[in-house]
Amino acid sequence: MLDKKRYALEFGSSIVLYTIAVFASVSFVATHPDSTWTVWVSVTPVIPALLATIAVVRALRQLHELQRSIQMQSFAVSFSIVGLVTFTYGFLENAGFPHIPFLWIFPFMIATWGVCTPLVSLSYR
């Protein structure tokens, strides 16, 4: 059974740390572009993102079998959609479309997973 309070604490605190890390790293890189620490500081938001990912995986393990199946199916669908969209857009960039940084792929995958989950759950009604 999913411990919602624990999940909210783990995931929520990870997202708060992520937000702080993004602002701090962007600020540091902007004010210290020649520092030897620029590379390391610029990737610090990955640490709380990893903590958020661990919280999600831990929560998925606690779900009921049906809910876990729905989540895995929606993840598979979102993985396929994001893969095909980014693959297609990569070819469109060769045709002159503007470049989109890799930074946007993970948030796009998370958003797509969020949209796919209720749609996949409809098939179980």
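Student: How many salt bridges does the count come to?

Tutor: This is a predicted model, and the count comes to two salt bridges.

Student: Ok, which side chain does R6 meet in a salt bridge?

Tutor: R6 pairs with E10, at 2.8 Å from N to O. Both residues sit in helix α1, which covers residues 4–31. They are four residues apart there, about one turn of the helix.

Student: Is R6 buried, partly exposed or exposed?

Tutor: R6 is partly exposed, because its relative accessible area is 40%, between the limits of 20% and 50%.

Student: And the other bridge, what does E10 meet besides that?

Tutor: The side chain of E10 also forms a salt bridge with R58, at 2.8 Å from N to O. E10 is in helix α1 and R58 is in helix α3, residues 46–62, so this pair ties together parts that lie 48 residues apart in sequence. R58 is partly exposed, with a relative accessible area of 33%.

Student: Which residues end up in one network?

Tutor: R6, E10 and R58, joined by salt bridges that share partners.

Student: Why do such side chains pair at all?

Tutor: Side chains of opposite charge can pair when their charged atoms come close.

Student: Staying with those two helices, at what angle do α1 and α3 pack?

Tutor: The angle is about 165°, and the axes are 8 Å apart. An angle over 145 degrees counts as roughly antiparallel, so α1 is roughly antiparallel to α3. Their crossing is left-handed.

Student: Which residues meet there?

Tutor: From α1, the residues include R6, Y7, E10, F11, S14 and I15. They meet a set in α3 that includes P48, A49, L51, A52 and R58. By class, the contact between α1 and α3 has 13 nonpolar, one polar and three charged residues. R6, E10 and R58, the residues of the salt-bridge network, are among the residues in this contact.

Student: Different topic. How do α4 and α5 pack?

Tutor: Helix α4 (residues 65–94) and helix α5 (residues 105–122) pack at about 135°, with their axes 8 Å apart. That makes α4 oblique to α5. The crossing of α4 past α5 is right-handed.

Student: What makes the contact, and how many charged residues does it have?

Tutor: On the α4 side, the residues include I70, Q71, S74, F75, V77, S78 and I81. On the α5 side, they include I105, F108, M109, W113 and C116. The contact of α4 with α5 has 13 nonpolar residues, eight polar and no charged ones.

Student: Take C116. Buried or exposed?

Tutor: C116, in helix α5, is buried, because its relative accessible area is 6%, under the 20% limit. Leaving aside neighbours within four places in sequence, C116 is in contact with S74, V77, S78 and I81. C116 and I81 are 35 residues apart in sequence, and their C-alpha atoms are 9.9 Å apart in space.

Student: And W113, what does that touch?

Tutor: W113, also in helix α5, touches V56, L60, Q71, S74, F75 and S78, not counting residues up to four places away in sequence. W113 is buried, with a relative accessible area of 17%.

Student: How far is W113 from P48?

Tutor: Their C-alpha atoms are separated by 20 Å, and the two residues are 65 apart along the chain.

Methods:
Residues are numbered from 1 along each chain as its sequence is written. This is a predicted model: local features need pLDDT of at least 70, side-chain atom pairs count only at pLDDT 80 or more; totals for chains, interfaces and linings use all residues. Side-chain values use heavy atoms; hydrogens and water are left out. A salt bridge is a side-chain nitrogen of Lys or Arg within 4 Å of a carboxyl oxygen of Asp or Glu. Buried means under 20% relative accessible area, exposed over 50%, partly exposed in between (1.4 Å probe, protein chains only). Axes are lines fitted to C-alpha atoms, for helices over the stretch in contact, and angles run from 0 to 180 degrees between N-to-C directions. Angles under 35 degrees count as roughly parallel, over 145 as roughly antiparallel, 65 to 115 as roughly perpendicular and the rest as oblique. A crossing is left-handed if the near helix is turned anticlockwise from the far one by less than a right angle, and right-handed if clockwise. Contact means heavy atoms within 4.5 Å. Ala, Val, Leu, Ile, Met, Phe, Trp, Tyr, Cys and Pro count as nonpolar, Asp, Glu, Lys and Arg as charged, and the others, Gly among them, as polar.
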